[in-house]
Amino acid sequence: MENPKATTVVQLKGITKKFPGVLANDRVDLDINSHEILALLGENGAGKTTLMNVLAGLYNPDGGEILLNGKLVQFHSPRDAIANGIGMVHQHFMLVESLTVAENIILSLQSNALSLNLDRIKKEISGLSKKYQMPVDPDAYIWQLSVGEQQRVEIMRLLYRGADVLILDEPTAVLTPNEATELAAVLRHMANEGKAIIIITHKLNEVMNFSDRVTILRAGQKIASFLTAKTSKEELARKMVGRKVLFHLERSACVPGKAVLKLENVEALNEKGLPALRSISFQVCCGEILGVAGVAGNGQRELAEVISGLRTVKKGKILINGEDVTNCTPLQAIDIGISHIPGDRLGVGLAPNLPISDNLTMKAYRERPITRGFFLDRDQLQVFAKNLIQTFAITPPVPETPARLLSGGNQQRLILAREITANQGVIIAVHPSRGLDVGATESVRKTLFEQREQGTSILLISEDLEEILQISDRIMVLYEGKIMGIAEVADITVDEISLMMAGQPLEKFNHELPADGLKT
Amino acid sequence: MRISFEKRLEQSRLSAILVPVFSFVMALIFGAMILLAFGVNPLQAYTVMVRGSIGSSYALSETLVKAIPLMLTGLGVSISFRMLFWNIGAEGQLAMGGIAAAFVALFLEKYLPPFLVLPAMMIAAILAGALWGLIPATLKAVIGVNEILTTLMMNYIAILFVEYLYFGPWRDPDGFGFPGTAQFPETAWLPRFTGRIHFGIIFAIIAAALIWFILNHTKRGYEIRLIGQNPRAARYTGVNIGRNILVVMLLSGGLAGLAGMAEVSGIAHRLYSGLTSGYGYTAIIIAWLASLNPWGILVVAFMMGGLIVGGDQIQIAMQTPAAVAQVLQGAILFFMLGGSIFANYRVRIIKNLEKSKSGADGYG
Ligand SMILES: Nc1ncnc2c1ncn2[C@@H]1O[C@H](COP(=O)(O)OP(=O)(O)OP(=O)(O)O)[C@@H](O)[C@H]1O
Ligand SMILES: [Mg+2]
């Protein structure tokens, strides 16, 4: 739908941005209109974030210009950009956990604290809250808020500072499906009020549902622009990846072997010392994928951590191939064959300042040929890293690049490369395809399938129900640290899963399913 | 109008070179003002300083003599800083090394064949420093006690213990009441090259090479760097953080202990009050100025030695109070450390905050 009120607010003309060894943006032209939501689409490393960072004043472009309402502007910092009405919500939020919402918003004003009137600011926040139908409690502390609510605070912060162009970098990657729908409504509301909205996303469904226009980048260049109404998911995927993308994977029937990973009445606490896992019992067999669904924060992270030795088990037992591995060290867990793709990639999965090569060898460095006795063979390390970079198509393919400079999707590929190579029987995968483009998502799912075929037991923890339904053999739903039910994927509907995610145990349903969910 | 600091996303290579140079110039200008305030001609003072620290072979050798303990302790603290273990205790570890070396030289020398005296002193000193460092390391690794406090407290214990020894039981009976032990027998003296430059310089070079090698070419070094960059990732990939703390502190404390041995055996030939004159603290500054790079630490320690020796020269040659040289040294360090912030941050002067909203008026 083309909005008659839409006017061009910002024009990017021939934006070029080079990094050592990569041309991240190559003469990109882009028009940004008020009253519209523009989706920016492209493969991992295509240059989406970079382009938006240029617009938001984080990077100086090496070429090209930015026109704001027809006037040439130059931003030297994010502050310049926001002063001109352009603000960006980054993937990693920049909020102070120990302060309240209102205080965080004041903080971003960075003006003289003496002249501030907290009450007035709170009132204004409430006003904006109402106007955009985006409930935010100004007195809540950030640490009390869910990820979705924190994101609202970030958006509020920009609105408060008078942003008229709002950029959101993969905003839905961290949201539950419900939160994503709410966000879509808020964004639509803001667009109707005359704001110009840009979202970066890899989920084609969202592009189709959220946006008015789509622009596709590939290898730094703009290759196509569409009115959303006049295109399709298939066309977008083809343009973006340059080939046809399968949305359906051929799934071979699951022939589960013997039980490999088994939990018996496992209990554990979270950081605040409250119960996070309550009497968890299940098993994953050889050659089987068990999907774990649930709203974020219902024990998924803790579940992955107890199995990989990162969190203490208070009660109960964990068995691998019949061997008791309860409360083993992380190293013992690795040695026994557990790979773990963590949910928090920068915080846990990577050492951002170390080069790609060192990050790739974080598990393999203990063994020959990379080490001999005490010594590290740098040449072998490079060979190992180059191999993985090639197999998993990590760009830039330069082992010396610090991991923090990789695009989000390439960081995820790096972790996958390392963990899948280290795999020896069990993979705990937390959001394995978060932040990946459609092509890469497809290949991750294929890889997990291949691993399954080879007899690996996979525990797939994800908030993306579509992903779970697509590749799991059985599905388990967690709610407040308890198992609501375990069922064959074929035997359960999305509605039933939703009910379980909201806290309804499976036994209460009027359904003939095995009550304990344990297979033998 | 306000001034604000903004982190540079892209570090310019130019600023990496210009900033230290600029900081140094600023330090000299500021120093000149101090000197003027004391009625000293700054140009003359700087000339004296340069001449006194590197202007002659004697000056050079004195500078190196000061640099040796700084190099060893600087290397020691740098490796613990690499893995974010804040060892502030090099001073105490150095003192314990000196005590151990003195013990061997004073009381065991007569039982040892002459060629074993120095090796025994070295081993004793390294062990003493390492064990002294191991105490806070164990407390941290096992029950998580903050190492900044414990290493600092251990300094006071060690420093007072040295004083107790040379004022008390180990005091030289023929020393006319001066604090200090008796002179060591000659078999316990570190050989000298020229001037007072002693064998400790070789220790320092070997230590730098060793640390460089460990960090870049061993499994342990890989783990140390990983812990330093992201402790959570290290734990997740199965690195035993506690064990690394213990190993690193053995090394760190051992090097400081060796520095103590080199001081007593290479310079004073006795345990005396000059041993604990702050090398262990200056080492922290050196490690940072050199960005923890082992070869860089050798260079920075040499420059720091020059600053100390040159400062003394101002005092001697120009009859200024001792404090002037110290204020000057402090100012130079202050500017050099302060300057490093500009390599990573950009200063912006923001004129008018309210104007900022006007730009957005055009649409909305
Ligand atoms: N600061 C930087 N220094 C060097 N290279 C960079 C830097 N930032 C980005 N790059 C490189 O520029 C390219 C584009 O990165 P960008 O982050 O814009 O990709 P993206 O389209 O956002 O990808 P993703 O979907 O994976 O987030 C990548 O190859 C990346 O490695
Ligand atoms: Mg990105």
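## Aromatic rings in the model

One aromatic cluster is made up of F30(B), F334(B) and F335(B). This is a predicted model, in which local features need pLDDT of at least 70, side-chain atom pairs count only at pLDDT 80 or more, and totals for chains, interfaces and linings use all residues. Residues are numbered from 1 along each chain as its sequence is written, chains are lettered from A and ligands numbered from 1 in the order in which they are written, and side-chain values use heavy atoms, leaving out hydrogens and water.

Over all chains, the structure holds 16 aromatic pairs. Rings of Phe, Tyr and Trp (its six-membered ring) pair if their centres lie within 6.5 Å; planes under 30 degrees apart count as stacked, over 60 as edge-to-face and the rest as tilted. Here are two of the pairs:

| Pair | Type | Centre to centre | Between the planes |
|---|---|---|---|
| F81(B) and W288(B) | stacked | 5.8 Å | 20° |
| F103(B) and F107(B) | tilted | 5.4 Å | 45° |

Helices here are DSSP runs (H or I, at least four residues), numbered from the N terminus.

Buried means under 20% relative accessible area, exposed over 50%, and partly exposed in between (1.4 Å probe, protein chains only).

F103(B) and F107(B) are four residues apart in helix α4 (residues 90-108) of chain B, so about one helical turn separates them. F103(B) is partly exposed at 39% relative accessibility, and F107(B) is partly exposed with a relative accessible area of 33%.

Methods. Helices (H or I, at least four residues) and strands (E, at least two) are DSSP runs, numbered from the N terminus.
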